[in-house]
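Hi there,

Here is the structure I promised to pass on to you. Have a look at it first, and then read my notes below.

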Amino acid sequence: MTLRHRRALSAALATTLAGGALAGALLSAPAANADAWRDKEYWLKESGVTNAWQVSKGAGVKVAIIDSGIDGSHPDLKGVVVGGTDVSGAGAPNGQKSIGAKTEHGTLVATMLAGRGHTTPTPSPSPSASGSAAPKPAAPPPPPTTPPAGGPDGITGVAPEAEILAISTWLGSPNPGGKTDQEQIPEAVRWAVDNGAKVINISLGSTSPDWPQSWDAAFLYAEQKDVVIVAAAGNRVGGNVQVGAPATIPGVLTVAGLDGEGRASVDSSSQGISIGVAAPAEKLVGGIPGGSYAEWAGTSGAAPIVSGVAALIRSKWPEMSATQVINRIVSTAKDAGAPGKDPLYGYGILNAEAALKNDVPTTSTNPLGSIADWIRVHRRGVFSEPSQAPVASPTSAAPTLADPTVPVAKTPATVDEALPAAVVLGFGALFIALVAGAAVQLRRVLRDPPVAPEEAETGALLKVDPPARK
């Protein structure tokens, strides 16, 4: 990645959060009955989530949300956020301060992924006018229906019994904490892995398909620790015509967006060969800081729907590998668009019920690739897999493996800046050689008379192959 590309990536990350509140329509609404918002969650039924709840609701699974911070005091998130951190230098230590250009973004994502709803208090009946009739004891409330979480009002997430790790980042405007997106993203991924996340949701994106070499080790670390990473594909309306990093990183489950009719969204989705599955991305609803709700759109909202399904699977089958979890989601998707995998829908439209109920052949290969293999080929490095024996980490809530051995190379800045210099020097040497050769040839022509065509020695035409592309 050249210096120009790195700057473009940084600028892109500073202007788009892969969807939702930034590129889609965020419509804060006046106060309304919370259950009215529940009624708008059409994707719970249409994507097969309510039927998938017959198998799993995500209990025991931690999902890390790398975003703008999460308001854990929202009524629908009580007891949901169990840990967190800030990697921006400008947020709260627990990741629950909403920061950046779009402060509501992280809370919207969190409620859609693991919201538990709430119960609106019922006002006590007023005493009778005579005051003589004693109120009868109230009958016990009926047992809660699906899902048995926070209550019937508000937003219910796809995995309402999962737990969230809130990781706040500052994107979309100059960071007062001083840390760039290139520093924040890999730090956030590593923290999530070390603190027990089995799924990581990244509803952040860019217009550049490339990523800094400094990200390699963090995503390799997550792959080697068997963590599912889900990322938003980005939105055309936000300038993401093609999928951008980190959704282009091999092994990441990239989510495209659907409109209200179940077709690839013209505004709220991008396209690219790295897309794995498509999910609803328009007319979405979620919670925002302060206990309110909003309508929004974008693949930022499609990603937590898929992350929630990954949490359902990991809860049902705790020993299932991340590769198999991803394979289960994409192989049970309903094919759409061109037959087979295509750049608009990936493997198809999310079917949560099938992902939880169908028999799916096991596989040892991630259908979306491997960052380890990519590093071997494109960074031209050879490294060995770390030992699978866990190594205790005194600063982590979960044991960690040894750091992945990434190919030894110069830092990206040194490599990227050195390459143009080498090219300039190479062209300079070539230019000097051409001038010198021309001078020699000119002297020969002046010294020797030209040879008539019929007297000239026949020469062979030399075919020069272009240099092989790296």
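This is a predicted model: local features need pLDDT of at least 70, side-chain atom pairs count only at pLDDT 80 or more; totals for chains, interfaces and linings use all residues.

Residues are numbered from 1 along each chain as its sequence is written, and side-chain values use heavy atoms, leaving out hydrogens and water.

The protein has 12 helices and 12 strands (DSSP runs numbered from the N terminus: H or I of at least four residues for helices, E of at least two for strands). Two strands pair if DSSP finds at least two bridges between them. Strand β10 (residues 275–280) runs parallel to β9, with five bridges between them. Strand β8 (residues 228–232) is also parallel to β9 and is joined to it by three bridges; Ala 231 has Thr 254 in β9 as its bridge partner.

Why is β9 (residues 253–258) largely enclosed by the rest of the structure? Because six of its six residues are buried (under 20% relative accessible area with a 1.4 Å probe, protein chains only). In a regular strand, side chains alternate between the two faces of the sheet. Leu 253, Val 255 and Gly 257 are buried on one side of β9, and Thr 254, Ala 256 and Leu 258 on the other.

Best wishes

Conventions
Buried means under 20% relative accessible area, exposed over 50%, partly exposed in between (1.4 Å probe, protein chains only).
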